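Please look over the two-chain model below before you read my notes. Keep it open and find each residue as it comes up.

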Amino acid sequence: MSEGFIRNVRVYLALQKIQWKEQLSYRASFVIYLVFFLLLALQNFVAITIIYGVSSGILGWSYYQMLALTSTATLLFCIIVYTVDPNWLVEELTKGSLDQHLARPVNTQLALLSRTGSKEVVSSVAGAIVILAYTLLHLSFTPLEFAGFVLLFLTGLFTLLSVWLLIIVGSYHLFKKGGFLYTMQGIFQTSGQYPIGLFGIFGGLVLTLVFPVALATNYPVAVLTGQLSPASYLGMLALAIVIMVLAYKGTGELMKRYVSGGG
Amino acid sequence: MANGYLAVFKISFKEFLSYKSSAALTAALTLVYPLLLVFVWKAVYASTGGATIGGLTLNQMYVYFFFNVVGLLVAESFIVWQMRDCVKEGCLASDLARPVAYPKFIFATALSQPVFNIVFAGIPLVALLIVATGITVTPLTLAMFALALCVDYAIANLFSFIFGTLTIYLTDVSGLFNAFLGMATLLGGGVMPLLLFPAWAQHVLYLLPFQFIVFVPSAVMTGLITAQAFLGFMAVGAAWIAALLVVAWLLWKKARVMINAVGV
C-alpha cells in the first residue's frame, strides 16, 4: 500500500518535473505568463473593492470577510487550473495520446492529473496567497479555527478535483469534446467567490453536493468568521470525504470503459 | 475565390453541427453566468437599500447582465484553439498549402461558431429578453445593437487570431489566452457595468477594446448609451479594429516563415 503510494508520488513528481522543464525551455514567454497571471489574481480583489465602494456590501458580509472568500476561491481555482486543463485532457483521451501514460504501473487518475494543467498559473497561486494573507490580518480568529480552515480547504480541494475529473472523463465519454468545460469552470469559480446564501436552497445544494465548490470556499471561510459550529464542521468534513470517494469510484468505473487509442 | 471561403464555412458549420450537443451545452452554460451576477447584484441592492447604484436601477442591471450573454455568444471564437492544435500537430503547413489565404481560411472556418450561437441562442434570447424585461426597443436601438455586435465579433476574433499566431512562438497560449479573457471580462464590463468604476478608470476603460465585447452591446440595450454617444464608441471601435488588423497582419507575416511541415 505504502510502496504503491510512494511510487505514485514519485511518478507524479517526475511528470511534473518534465512539464516544468518543458515550460522553462521558453523562459521569456514563461516570465510574461507569470506577470500576466499575477495580475489575474488581482482581478477579484479589484471587483470586490469596487462593489464595496459603491454599495453597502453583500448579505451583511464585511469587506474583509468577502475578500477572504474571494481570495480562497481564487486560490482554489488557480490550483485546479495548475493541475488539469479540462479541454486538453478530453482531447488527449480522444486522440489516445495518454495511452502510454495510462499503461504505466501508476494510479490511473493520478496519471490523468499529471499531463495537463498550466504551470505558469503558479504566480496566480502566489498572488492569491498574498491577498489571502493580507485579508486574514484583518480578521480575528484562533489558531484552532485557522487549522480548521486549512484542513477543510484542503479536503474540499481534493474533493473538487475528484469531482472535476469525473466530469471531464464523463464529457469525454458523452461528447468527445471539452470546450464547454472552460465555461463550466468559470461558472463554478464565480459562484465560489460569493456567499452560498445568494443562490437560494437549490443553488446551495448544487454547490455543496453536486459540484462541491462551497466545501472548499464558503464552509472553510465560515470557520474563520465563526459561522460554522464544530458539529457542522465535522459534518462538512465527512460529506467532503464521502463525495471524494464517490467521485473517485465513478471516474474509476468510467476509465474501465476507456478504449485504447481514444475509441 | 469568395465561393471557396463560403465552401470552407459550409464544411466547418456542418462539422460544428456534428458536435451540436457540446455546442448547445456551451451556449446554455453561457446563460448561467449572468444569472449568477443577477443573484449577486440583487443582494447588493438589497443591502444598500437605494433605488440606484451608479445611476442604474436593479432592473437595468438585470437587462445589462442578460444582454451580456448575447455579446459573449458573438465573441466566442475558436480560432486560437484551432491554431494551437494545428501548431502542435503540424497541420498548419498543410493548411498553408491550400489555394486560399490562411488568415481568411481560418476566419471562414471560425465563423461557424458565432453563426450557430446567433441562430440557435442569440436571436431567441434577444426576443425573449425584449418580451420578458419589457424594455422599449426602437428600430434604431436594434440597428445600434447589431452594429455593436459586429464590432464585438471583429475585435474578439482579431484577438483570437493574434493569440493563435503567437502560438507559433510560444507553442501553447491556452493559459495566457484564458487569463486574457478573464482580464477582458473585468475590464470590459462583464462583472459590472463600466459606470461603476471610479471616474479616472472609466476614462481609461472607454479607450480600451474590451468594452466592445460586453459593455457596449449591453449598454445600448439598457439605454445607457445614446445614439450620439454611440457614434463616438463606434469611432473608437473602428480605430481598434484597424489597429488590431495591422498587428495581426504584421505578426502573421513575420510568424509564418517559422512554420515547417512538422509544426514549428
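The numbered points below go through the model region by region.

1. **Ground rules.** This is a predicted model: local features need pLDDT of at least 70, side-chain atom pairs count only at pLDDT 80 or more, and totals for chains, interfaces and linings use all residues. Residues are numbered from 1 along each chain as its sequence is written, while chains are lettered from A and ligands numbered from 1 in the order in which they are written.

2. **Where the chains meet.** Chain A brings 38 residues to the contact and chain B brings 32. (Two residues are in contact if their C-beta atoms, placed from the backbone, lie within 7 Å.) On the chain B side, helix H2 (20-48) and helix H9 (174-187) each supply at least two residues. Helices here are DSSP runs of H or I with at least four residues, numbered from the N terminus. H2(B) gives the most to this side, with 15 residues. What kinds of residue make up the side of chain B that touches chain A? They divide into 20 nonpolar, twelve polar and no charged. (Ala, Val, Leu, Ile, Met, Phe, Trp, Tyr, Cys and Pro count as nonpolar; Asp, Glu, Lys and Arg as charged; the others, Gly among them, as polar.)

3. **Two helices crossing in chain B.** Two packed helices are described by the angle between their axes and the distance between the axes. Take helix H3 (residues 58-75) and helix H11 (residues 215-222) of chain B: their axes come within 8 Å and cross at roughly 135°. (Axes are lines fitted to C-alpha atoms, for helices over the stretch in contact, and angles run from 0 to 180 degrees between N-to-C directions.) H3(B) and H11(B) are therefore oblique to each other. Angles under 35 degrees count as roughly parallel, over 145 as roughly antiparallel, 65 to 115 as roughly perpendicular and the rest as oblique. The crossing is right-handed, a term used if the near helix is turned clockwise from the far one by less than a right angle. From H3(B), the contact includes Tyr64(B) and Phe67(B); from H11(B), it includes Pro217(B) and Met221(B). The residues of this contact divide into six nonpolar, five polar and no charged.

4. **An enclosed helix, H11(B).** Is H11(B) enclosed or open? Eight of its eight residues are buried, so H11(B) is largely enclosed by the rest of the structure. (Buried means 20 or more other C-beta atoms within 10 Å of the residue's own, exposed means 12 or fewer, and partly exposed lies in between; C-beta atoms are placed from the backbone.) Its buried residues pack against H3, H8 and helix H12 (227-255) of chain B. Just after H11(B), Gly223(B) takes a positive phi of about 85°.

5. **A covered helix, H5(A).** Helix H5 (residues 86-95) of chain A is mostly covered, with seven of its ten residues buried. Among them are Trp88(A), Glu91(A) and Glu92(A). The cover includes helix H7 (108-112), H9 and H10 of chain A together with H9 of chain B. Gly96(A) follows H5(A), and its phi is positive, near 80°.

6. **The core.** In soluble globular proteins, nonpolar side chains tend to be buried together. The largest nonpolar core here has 157 residues. (Such a core is a set of buried Ala, Val, Leu, Ile, Met, Phe, Trp, Tyr and Cys residues joined through C-beta atoms within 7 Å.) Helix H8 (residues 139-170) of chain B gives the most to this core, with 16 residues. Ile80(A), Trp164(A), Ile168(A), Ile155(B) and Val220(B) have the most contacts inside the core. Not counting residues up to four places away in sequence, Ile80(A) touches Leu160(A), Leu161(A) and Trp164(A).

7. Most residues other than glycine have a negative phi. Leu59(A) has a positive one, near 45°. Leu59(A) lies in the loop between helix H3 (43-54) and helix H4 (63-83) of chain A. It counts as partly exposed, with 15 C-beta neighbours inside 10 Å. Lys176(A) also has a positive phi, about 60°. Lys176(A) is in the loop between helix H9 (143-174) and helix H10 (180-192) of chain A.

8. **A leucine in a loop.** Is Leu207(B) buried or exposed? Leu207(B) is exposed, with 11 other C-beta atoms within 10 Å. It is found in the loop between helix H10 (199-205) and H11 of chain B.
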